[in-house]
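Dear colleague,

Please find below the sequence and structure that I am handing over to you. My findings follow directly after them.

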Amino acid sequence: MRRIAFINEKGGTCKTTLAVNTAAWLARERGLRVLLVDLDTQGHASKALGLDVRTLPRNVFHLLTDDTVALADVVRPTAVAGLDVLPSYKEMADFPVVVASHARRSHRLADRLEAAKDAGYDAVVFDSPPSMGLTTRNILVAATEVVVPVALTYLALDGCAEVADTVRQVGEAEGRSDLSVTKVVPTLYRKTALATAILERLRAYFPESLATTPLGYDVKVDEAQSHGKTIFEYAPRSRGAQMLAAIASEIHGGPAPRKRKRAAPKA
């Protein structure tokens, strides 16, 4: 089971956009059964898939802090066949305080997601909050692959290097040689001298892991999110869909598994 985390301590890097649409692409185009884990207090990944997080009786916070709550009690199906979401909302802001005295507070997410293996998921995709606190530490412990979205703005390289260093430190502390930054995705790309210069710096710093397709701006992506849909449902022939599909394909890598037919999710 692949466990792919989208992480950047800075906000506004298109992290949620990439996480949601990569998860949807894996389900739609590669026939995988995917669980998207939303861990941001705003619940944007959940909202982008059409969920009203304010009305849900339980979310990921309850799973992580209450051992009587099972994964199946919290997971919700989406309109994308093969894609489920573990929703989040503002309660997650209290997570570090609630588990502060827990002996395995950095492993709560990994421990509670053990059930995902038995549930038959092929991949778990994590959308992280824009910080490097305990929640993100839990994500790094649970993940095996880290994707870092980097907005092509000033100081972007420094921020990306800090994330890569944090991933290395957590891997060493946890004895996890399999944890690494597998892809760096340039975002908010525009054809300007500054963006081109930053892109070249990223290419020099991450020659093996830099995505070849930068994510530029397409209003269709924002429109899709406002309708609670992925770009592949809302505007499958748009420039945004083409860019996000190319990036998801790079993240997926390797031979494509045989596509499986899936029943439509229950309403």
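A residue is called buried here when its relative accessible area is under 20%, and exposed when that area is over 50%. Please note that this is a predicted model.

I begin with helix H8, which spans residues 134-142. By the above cut-off, the buried residues of H8 are Leu134, Thr135, Thr136, Asn138, Ile139, Leu140, Val141 and Ala142. Because 8 of its 9 residues are buried, H8 is largely enclosed by the rest of the structure. The partners against which these buried residues pack are strand E1 (2-6), helix H5 (95-98), helix H6 (108-112), strand E5 (123-127), E6 and H9.

Helix H10 presents another arrangement. It comprises 13 residues, 193-205, and extends 18 Å from its first C-alpha to its last, close to the 18 Å expected at 1.5 Å a residue. Its buried residues are Ala195, Ile198, Leu199 and Leu202. They lie on the same side of H10, because the arc they cover around the axis is only 105°. The face turned away from this buried side carries Ala193 and Ala204, which are exposed. The cover over the buried residues of H10 includes strand E6 (145-151), helix H9 (156-173) and strand E7 (180-189).

Strand E7 also holds threonine 187. Is this residue buried or exposed? Threonine 187 has a relative accessibility of 0% and therefore counts as buried. Apart from its neighbours within four places in sequence, threonine 187 is in contact with Thr13, Cys14, Leu18, Pro149, Val150, Ala151, Leu152 and Leu215.

Two or more lining residues come from each of helix H1 (15-30), helix H2 (44-48), strand E8 (215-216) and helix H11 (219-226). The most is given by H11, with 4 residues.

Finally, a word on annotation. The unreviewed UniProt entry carries the annotation "domain: AAA" over residues 1-173. Across residues 1-173 the chain is 42% helix and 16% strand, with the end C-alpha atoms 23 Å apart.

With kind regards

Note on methods
Residues are numbered from 1 along each chain as its sequence is written. This is a predicted model: local features need pLDDT of at least 70, side-chain atom pairs count only at pLDDT 80 or more; totals for chains, interfaces and linings use all residues. Side-chain values use heavy atoms; hydrogens and water are left out. The expected span of a helix is 1.5 Å times one less than its number of residues. Buried means under 20% relative accessible area, exposed over 50%, partly exposed in between (1.4 Å probe, protein chains only). The arc is that of the directions from the helix axis to the C-beta atoms. Contact means heavy atoms within 4.5 Å. UniProt positions are given in the numbering used here, feature names are shortened, and annotations may be inferred rather than shown by experiment.
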